[in-house]
Structure formats: C-alpha cells, structure tokens
Amino acid sequence: MERSLDEILLSEYQVPAEVLAEARRLVTDKACSLGDALAQKKAVTEVQYLKALGDYYGLPVMTSLPREPRWPDFTGRTPIQFLKKHKMVPLYLPREERPGRPPKPQDEEARRPVVAMNDPTRLQAMDDLVAALGVGPVDVVLAPAQEILSAINLAYDLARDSAEQLVADITESTDAIISEIEQTADLLDDTSEAPIIKLVNHVLSEAVKARASDVHIEPYQAALKVRYRVDGILYDLISPPKSIQGALTSRIKVMASMNIAEKRLPQDGRIEIRIGDKNVDIRVSTIPTTFGERVVLRLLDKTSTVLELADLGLSPARLSTMNNLIHQPHGIVLVTGPTGSGKTTSLYAILTTINKPGINIITIEDPVEYQIQGIGQIQVNPKIELTFARGLRSIVRQDPDVILVGEIRDKETADIAVQASLTGHLVFSTLHTNDSASAITRLIDIGVEPFLISSSVLAVVAQRLVRVLCDSCKAPYVPDQASLAQLGLNMSDFSGHTVYQARGCPECLQTGYRGRVGIFEIMPMDKDIKALILSTSDSNQIKAQAVRNRMVTLRQDGVRKVLDGITTIEEVFRVTQL
C-alpha cells in the first residue's frame with residue numbers, strides 16, 4: 001500500500017504529529033511550502049524533506065550539483081527569472097552520474113537531459129521549460145534550493161563575456177556612456193550593451209562569487225588596476241586600459257548617487273544591488289590621488305546571517321568565560337584589534353546572544369552594517385553633529401539595559417561610557433589597539449582616570465582573523481625547527497596532532513584557504529590587574545601580570561588552532577606579534 005507524504009515524515013523522519021499539523025496550518029496561513037514550514041519548526045532539514053519527497057514521488061535526490069556547466073546553451077533560451085522563480089535548472093548528466101540509473105552498454109538514453117527541481121509539484125513550469133528547450137522526455141531529480149540557485153547563477157555568469165573580453169571591447173569613445181543610467185534589480189539580469197556597464201556589473205558579480213569583502217580600483221601613472229580583498233588578502237583581478245579610468249569611476253559614482261563632476265574632494269556613497277540570490281549593500285569611497293580618483297567598494301552581504309557567539313572560534317572554556325562576561329548587569333567590555341579584525345562581527349554575535357524581549361539594547365555605530373531585529377540602532381552622522389559622544393549622551397536617557405558604542409575615539413565618549421557603566425548599564429565598545437593590555441594604556445592616554453578604568457572595565461578582548469585551511473586541498477606536513485622555535489614549541493607538542501599547509505585548488509580560488517576564524521585574547525579585570533592599573537599604565541607590565549594569571553595570548557590561541565588543523569603556522573605569524 002502506497003504511503004502518504006505525512007506518513008513518511010512521521011515514520012521515517014520522526015516528525016511529531018503535532019508539529020506536522022502546525023506546519024500544515026502554516027502552509028495554509030502563510031502560503032509557504034511544507035518543507036519551509038517544517039524547516040522553520042526545525043523538524044527536518046531541507047535534504048531530509050527532499051528525501052521524503054523522493055520516497056513519495058519515486059524521484060532520486062542529489063545533495064550537490066556539478067559546478068561545471070553540463071548544458072551551456074540553455075541560458076539563451078530560458079529567462080533566468082523563470083528558473084529562479086520555480087527553482088529548477090536543466091543539466092546534461094551522463095547515465096552513470098544519474099542517481100538510480102546504472103550505465104548500460106549502447107544506452108540510447110545516455111545523453112537524456114535531466115532537470116533538477118526543488119518542488120516536484122510544479123508540473124506546468126516543467127512543461128514550459130521542456131517546451132522552451134525543445135527537448136523530449138527528461139529525467140527529474142530533486143536538489144536543495146541553494147544548489148539549484150548556485151547552478152543557475154554560475155551558468156548565466158559563464159554565459160556572459162569574461163572580464164578580459166569586456167575590457168577588450170571598450171574603446172576611447174566610451175566617455176559617451178555617462179548619461180542617465182537606470183540601475184537594474186539584478187545585475188545578472190542586466191542586458192545593457194554598454195561595455196563600461198557590463199564591466200562594472202561583471203566586476204561586482206565576480207567579487208560576490210569570490211566572497212570578496214572589498215574591491216579596489218587603483219589608478220597609477222600609466223596603468224589602472226582592479227583588485228579584490230578575499231579573506232583579508234588582496235588579489236589582482238584585471239588591469240583595464242588607462243583610457244577607461246574616467247568612465248569606470250563615473251559609472252560607479254552614478255550608481256552610488258555621487259557627484260561625478262567633483263573629482264577634487266573625497267566622496268562617500270552607497271549602492272544597493274541584488275546579484276543572483278544575494279542582496280548586497282556596497283559602501284563606496286573615492287579619494288583624489290596624483291593619477292586620478294581611487295575607488296574602494298566595501299561589500300556587505302545583507303542576506304548572510306549574523307553569527308552566534310559559538311561560531312566565532314572560541315574554545316569551550318573561553319566561550320564559557322565570554323558568556324559569563326556578557327551577562328553581567330553592568331560594566332564595560334572592550335573588543336580591540338586593527339581594522340578588519342572582526343570586532344563588529346563579534347559584537348553583533350554578543351548582542352544576538354543576549355537579545356531577549358526583557359532587555360532594551362541600543363547601539364550607536366558608524367556605520368550600521370547589519371540590522372538586528374529587536375535592537376535600536378543609531379547611525380553616526382557628522383554632518384548634523386550626531387557624534388558618538390552626543391548620541392551616547394542621548395542613549396542613556398532612553399532607559400537602556402545594554403549599550404553598544406561603535407568605537408571609543410575621544411575622552412568625551414570614554415567618560416560617558418564609563419559613567420553609563422557605573423550607573424547600572426552594560427556597555428560594549430571597540431578600540432584600535434594591538435593587544436588587550438594596550439587598551440588600558442590607550443584609555444589612560446585619552447584622559448580616563450585609572451581608578452575609573454579599574455572600577456568600570458570588566459574585561460578586554462583582543463582578536464584577529466586567521467584564514468581557515470581549505471578542506472579540499474590542505475596537505476599534512478612536518479614544520480621546520482625554526483618555525484617551531486618561534487611558536488615556542490617542539491616536536492613533542494605535536495604528538496597526536498596533524499599540522500597542515502595550504503596548497504590551492506579551484507574550490508578556494510587557488511589560495512589554499514576558504515573563510516576565516518577568530519583567535520582571541522581575553523583579559524578579565526581581576527584584582528591583580530586592577531591594583532596594577534592604579535600604579536602603572538605600562539602595557540607590558542599589565543600583559544605580564546595577565547599571563548601570570550593564565551591568560552591565553554593571541555599567538556597561543558593561534559597555535560591551538562594550528563594543532564587542531566584549522567589554520568597554518570604562516571597565518572598565525574602573519575596576524576600576531578611576539
């Protein structure tokens with residue numbers, strides 16, 4: 001007897017009957033799919049739901065789709081919006097690669113097309129796709145939505161001209177393209193034939209695909225260079241001809257609603273775009289240099305979720321310490337590190353962890369990078385004299401429980417933050433210092449009294465970001481004695497551990513790394529540190545006392561991540577100092 005989908009979910013995947021009933025109500029009330037409703041209830045994963053659908057409809061499931069295009073010409077016959085809307089993508093898979101289809105000699109269907117779908121009930125859309133492609137019967141497989149969308153974006157992106165070809169198509173006459181330009185909703189859908197527009201769209205879409213955080217457009221005397229920053233490191237992309245520099249800069253300034261006629265002063269702007277399934281917020285900064293305007297674009301993926309505290313890379317013991325600190329009723333917790341060391345990400349993770357209906361959290365930031373539901377966020381605006389100090393002074397009158405100050409830059413801001421912590425508020429903020437002990441020196445340097453620091457500061461957290469080894473290509477090796485000596489290790493410390501080095505493969509864009517993780521130095525303000533602060537502001541003495549109190553330094557935390565096979569010795573050397 002054939003089982004229903006509900007019976008399969010109840011028996012095979014142990015979905016509670018009441019949860020399934022509630023999910024069915026959500027399907028009716030919110031017009032969402034059953035899979036989305038069950039995922040929202042955390043009853044099953046998407047792959048589990050697809051396998052249940054496969055059992056019910058008799059369809060195979062592919063948890064990952066091939067990255068190289070297997071049916072490259074469908075992009076010219078089918079609109080990208082149609083495929084995204086119905087979450088389906090055509091593939092040519094040889095029979096031996098199709099789930100449940102073993103190869104047969106002289107098989108007539110060896111090249112029968114396959115369509116990957118996320119929802120097998122969309123039969124009309126399937127018929128329309130088959131008709132548009134002009135093919136006969138097709139095999140159907142089920143696949144996760146993200147895999148399908150990635151395959152769609154890759155196919156259409158590869159169908160566009162390469163960056164080098166776009167540059168080659170541009171001539172000096174492109175100055176005429178600077179006119180009224182409408183920004184399209186999705187850059188992959190933009191069919192504009194203007195070479196400069198196509199080049200900018202390509203650069204931005206490639207940056208998102210490469211997970212770049214910044215795009216640099218750098219003019220030199222006889223050259224123009226475009227570079228990406230991926231995982232904290234800059235890589236060359238292309239070198240367009242110098243002759244298109246003005247048109248390229250002007251196109252970006254038009255998109256960012258900036259004054260294209262003003263080339264003598266620095267300017268800031270913002271672009272909001274969608275590239276495939278990603279909503280991207282781009283902050284644009286231009287400065288005049290000797291050889292023209294230099295442009296830097298900071299990319300923020302608005303569709304990415306804010307990390308939880310447990311995702312930052314803290315060891316279990318230090319995660320417990322951090323959880324204890326951020327649940328204190330009052331005091332200051334400082335996060336320090338250079339620009340780009342992940343301070344804002346850590347603070348957002350902290351706020352997400354403590355964000356409860358019974359707590360009033362207000363932030364003042366420059367800029368507000370991600371919106372967090374249930375938190376009041378204020379954007380610094382120097383043009384109307386809304387500074388950190390002025391905003392913070394107003395925040396304390398808003399009955400907050402927790403305050404986030406984006407950065408302590410001056411004595412006024414520091415004094416208000418200290419007073420807020422002493423009057424029952426929990427305050428989080430950042431400083432630009434090299435390690436945790438230097439934060440104390442910095443506060444004293446800007447004029448905060450030592451006795452106020454010892455009374456108000458709960459802890460200082462220093463952090464850096466190290467690149468994570470690519471799982472696809474990392475290779476074990478035995479480090480040399482010189483490297484071990486610099487880390488303060490010997491071969492016996494490696495007993496039971498495997499150390500890896502970066503190699504490089506297509507999955508990680510030949511860098512050997514994919515993603516980043518934090519290394520941390522947490523200095524709680526215990527009685528020994530507080531007493532020392534009252535007598536000295538020497539950061540070396542403060543750090544030495546903290547180490548005697550068993551503080552794990554940045555380098556020591558980096559070494560632990562090397563021994564755990566997460567990163568490399570070279571990465572730890574790059575971001576830490578002795």
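This note goes through the helices, sheets and some single residues of the structure, point by point.

1. The basis. The model is predicted, so local features are given at pLDDT of at least 70 and side-chain atom pairs at pLDDT 80 or more, while totals for chains, interfaces and linings use all residues. Residues are numbered from 1 along each chain as its sequence is written, and side-chain values use heavy atoms, with hydrogens and water left out.

2. The chain as a whole. The chain has 21 helices and 18 strands. Helices (H or I, at least four residues) and strands (E, at least two) are DSSP runs, numbered from the N terminus. Of the 578 residues in the chain, 48% are buried. Buried means under 20% relative accessible area, exposed means over 50%, and partly exposed is in between, with a 1.4 Å probe and protein chains only. Contact means heavy atoms within 4.5 Å. Among contacts between residues at least 6 apart in sequence, 65% join residues at least 24 apart.

3. Helices α1 and α4. Two packed helices are described by the angle between their axes and the distance between the axes. For α1 (residues 5-12) and α4 (residues 46-57), the angle is about 130 degrees and the axes are 9 Å apart. That makes α1 oblique to α4. Axes are lines fitted to C-alpha atoms, for helices over the stretch in contact, and angles run from 0 to 180 degrees between N-to-C directions. Angles under 35 degrees count as roughly parallel, over 145 as roughly antiparallel, 65 to 115 as roughly perpendicular and the rest as oblique.

4. Residues between α1 and α4. On the α1 side, L5, I8 and L9 meet Y49, A52, L53, D55 and Y56 of α4. The residues of this contact divide into 7 nonpolar, no polar and 1 charged. Here Ala, Val, Leu, Ile, Met, Phe, Trp, Tyr, Cys and Pro count as nonpolar, Asp, Glu, Lys and Arg as charged, and the others, Gly among them, as polar.

5. The sheet of 3 strands. This open sheet has the order β1-β2-β3, with mixed pairing. Two strands pair if DSSP finds at least two bridges between them. β1 (88-91) and β3 (139-142) stand at the edges with a single partner strand each, so one side of each has no neighbour in the sheet. From one strand to the next, the twist averages 25 degrees. β1 pairs with β2 (residues 114-117) in the antiparallel sense over 4 bridges, and M88 stands opposite M117 in β2. Helix α6 (residues 123-133) packs on the sheet and touches β1, β2 and β3, with its direction at about 40 degrees to that of β1.

6. K87. This residue is in the loop between α5 (80-86) and β1. Phi of K87 is near 50 degrees, a positive value in a residue other than glycine. K87 counts as partly exposed, at 30% relative accessibility.

7. D231. The loop between β5 and β6 (233-238) holds D231. D231 is not a glycine, but has a positive phi of about 55 degrees. D231 is buried, with a relative accessible area of 9%.

8. Helix α10. In α10 (residues 245-255), 9 of the 11 residues are buried, so the helix is largely enclosed by the rest of the structure. Among the buried residues are R251 and K253. The buried residues of α10 pack against elements including α9 (195-209), β4 (212-219) and β7 (267-275). S257 follows α10 and has a positive phi, near 55 degrees.

9. The sheet of 7 strands. The order in this open sheet is β12-β11-β13-β14-β10-β15-β18, with mixed pairing. β12 and β18 (513-524) stand at the edges, each with a single partner strand, so one side of each is left without a neighbour in the sheet. The twist averages 20 degrees from one strand to the next. β15 (residues 457-469) and β18 run antiparallel and are joined by 10 bridges, with Q463 opposite F520 in β18.

10. Helix α11. This helix (residues 316-326) lies across β10 (331-336), β14 (426-431), β15 and β18, and runs at about 60 degrees to β18.

11. P367. A cis peptide bond joins D366 and P367, with omega about -5 degrees. P367 lies in the loop between β11 (361-365) and β12 (376-379).

12. S421. Helix α14 (residues 411-422) contains S421. S421 is buried, with a relative accessible area of 2%. Leaving out residues up to four places away in sequence, S421 touches H330, G331, I332, V427 and S456.
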